[in-house]
Amino acid sequence: MHNLFGIFGSITFLYPNLLYFLFIIPILIAWYIFRYNKTYPKTTISDTSAIKTLGKSVKQKIFPLLYVLRLLAVIFITIALARPQSSSKSSEENIEGIDIVLALDVSGSMLAEDFSPNRLEAAKAVAADFIKARPTDRMGLVVFSGESFTQCPLTIDHRILLKQLDAIRSGMINDGTAIGEGLATAVNRLKNSEAISKTIILLTDGVNNLGVIDPLTAADFAKMFNIRVYTIGVGTEGVAPYPVQTPWGKQYQNVPVQIDENVLTQISNMTDGKYFRATNKKVLQNVFKEIDKLEKTKIEVLSFERKSEEFKIWLWIALALLLIELGLRYTIFMSNP
């Protein structure tokens with residue numbers, strides 16, 4: 001099926017070669033002009049002054065319309081015989097293949113500058129790249145510190161998600177590290193999901209010290225709803241420079257890096273996930289790349305094309321034109337024009 005020269009837009013033809021018969025239309029027009037001139041014989045007279053003021057009658061002027069109507073009918077019949085068809089394409093992608101919630105620690109310790117410019121901004125930048133690399137996944141964002149809340153619910157609109165990610169600031173909620181609360185909130189966002197794969201990426205730099213939900217209890221909830229949890233501990237080994245405001249301006253203190261790797265590892269093991277330790281931004285980027293590879297699910301695409309026959313409208317138009325032409329020919333033009 002082809003679309004002849006693209007002049008019919010989205011219309012295609014089952015028998016496009018028949019359309020080449022349309023090229024005889026100019027020949028028929030030329031033949032009609034020649035025949036029409038022959039129909040009325042010329043008479044040679046010595047003086048035409050007596051008939052100069054006489055013009056063609058209305059019937060004479062519109063008589064060629066009959067031939068135009070017949071030609072148009074021939075054109076539309078030819079198009080109908082070529083079987084015009086319109087296409088209705090449909091493609092369904094299983095965009096529910098993977099639902100991912102990022103649970104991000106925004107406690108004060110995330111301002112430590114062992115990452116450039118600090119842990120929080122580095123985590124946001126790497127997370128943004130991760131989001132951009134997965135345009136077909138629904139993603140959400142949970143933040144936690146001394147408490148937790150949903151910064152952005154699951155969405156396929158990554159433009160909104162990236163704006164909400166950029167808006168995250170340390171100090172936006174009470175300070176502390178409620179890992180269990182953060183994980184439980186993320187589980188709550190995913191528990192009713194019908195996605196093939198449900199995943200939480202939890203990033204923290206500390207030890208659970210607040211909240212009423214124990215991290216391992218939250219992990220049990222995740223396991224119950226078949227949610228895989230990847231945990232990431234961020235922070236260099238030993239101590240990290242932490243900015244402190246003093247009357248003399250910003251100064252730095254070396255603060256011990258304390259990450260509860262044992263709990264984070266248990267959370268991941270319980271949920272068939274994996275624990276990662278990121279000691280700098282480059283390592284953190286590699287961690288997200290590895291998670292990206294681990295969470296690649298083949299998206300099934302159902303694509304079909306429905307053809308609708310459009311020849312009937314062309315036949316009806318041709319029939320109408322022929323009826324008009326015959327009606328005029330055997331009524332108004334019954335006698336010679």
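## Basis of the description

Two strands are taken as paired if DSSP finds at least two bridges between them. Helices (H or I, at least four residues) and strands (E, at least two) are DSSP runs numbered from the N terminus. The structure is a predicted model, in which local features need pLDDT of at least 70 and side-chain atom pairs count only at pLDDT 80 or more, while totals for chains, interfaces and linings use all residues. Residues are numbered from 1 along each chain as its sequence is written, and side-chain values use heavy atoms, with hydrogens and water left out.

Strand β6 (residues 197-204) and strand β7 (residues 227-234) run parallel and are joined by seven bridges. Within this pairing, K198 is placed opposite I227 of β7.

Both strands belong to an open sheet of six strands with mixed pairing, ordered β5-β4-β3-β6-β7-β10. Its edges are β5 (148-155) and β10 (274-278), each of which pairs on one side only. From one strand to the next, the twist averages 15°.

## The β8-β9 hairpin

Strand β8 (residues 239-246) and strand β9 (residues 249-256) run antiparallel, with eight bridges between them. The two strands form a hairpin with two residues between them. Q245 has K250 in β9 as its bridge partner.

## Packing of α3 and α10

Two packed helices are described by the angle between their axes and the distance between the axes. Axes are lines fitted to C-alpha atoms, for helices over the stretch in contact, and angles run from 0 to 180 degrees between N-to-C directions. Helix α3 (residues 64-81) packs against helix α10 (residues 311-329) at an angle of about 160°, the axes being 8 Å apart. α3 is therefore roughly antiparallel to α10 (angles under 35 degrees count as roughly parallel, over 145 as roughly antiparallel, 65 to 115 as roughly perpendicular and the rest as oblique).

The crossing of α3 past α10 is left-handed, a term used if the near helix is turned anticlockwise from the far one by less than a right angle, with clockwise giving right-handed. Contact means heavy atoms within 4.5 Å. Among the residues that make it are L66, L69, F76 and I77 of α3 and W314, L315, L321 and L328 of α10. By class, this contact has 17 nonpolar, no polar and three charged residues. Here Ala, Val, Leu, Ile, Met, Phe, Trp, Tyr, Cys and Pro count as nonpolar, Asp, Glu, Lys and Arg as charged, and the others, Gly among them, as polar.

## Packing of α4 and α5

α4 and helix α5 (residues 158-166) pack at an angle of about 175°, with 10 Å between their axes. The two helices are therefore roughly antiparallel to each other.

K124, A127, A128, I131 and K132 of α4 meet H158, L161, L162, L165 and D166 of α5. The classes in this contact are six nonpolar, one polar and three charged residues.

## Aromatic pairs

Three aromatic pairs are found in a search of the whole structure. Rings of Phe, Tyr and Trp (its six-membered ring) pair if their centres lie within 6.5 Å; planes under 30 degrees apart count as stacked, over 60 as edge-to-face and the rest as tilted. The F130 and F288 rings have centres 5.3 Å apart and planes at 65°, so this pair is edge-to-face. F130 lies in helix α4 (residues 119-132) and F288 in helix α9 (residues 281-294), so the pair ties together parts 158 residues apart in sequence.

## Backbone features in loops

The peptide bond from S116 to P117 is cis, with omega near -5°. P117 is located in the loop between β3 (98-105) and α4.

R83 is not a glycine, yet it has a positive phi of about 60°. R83 lies in the loop between α3 and β2 (84-93).
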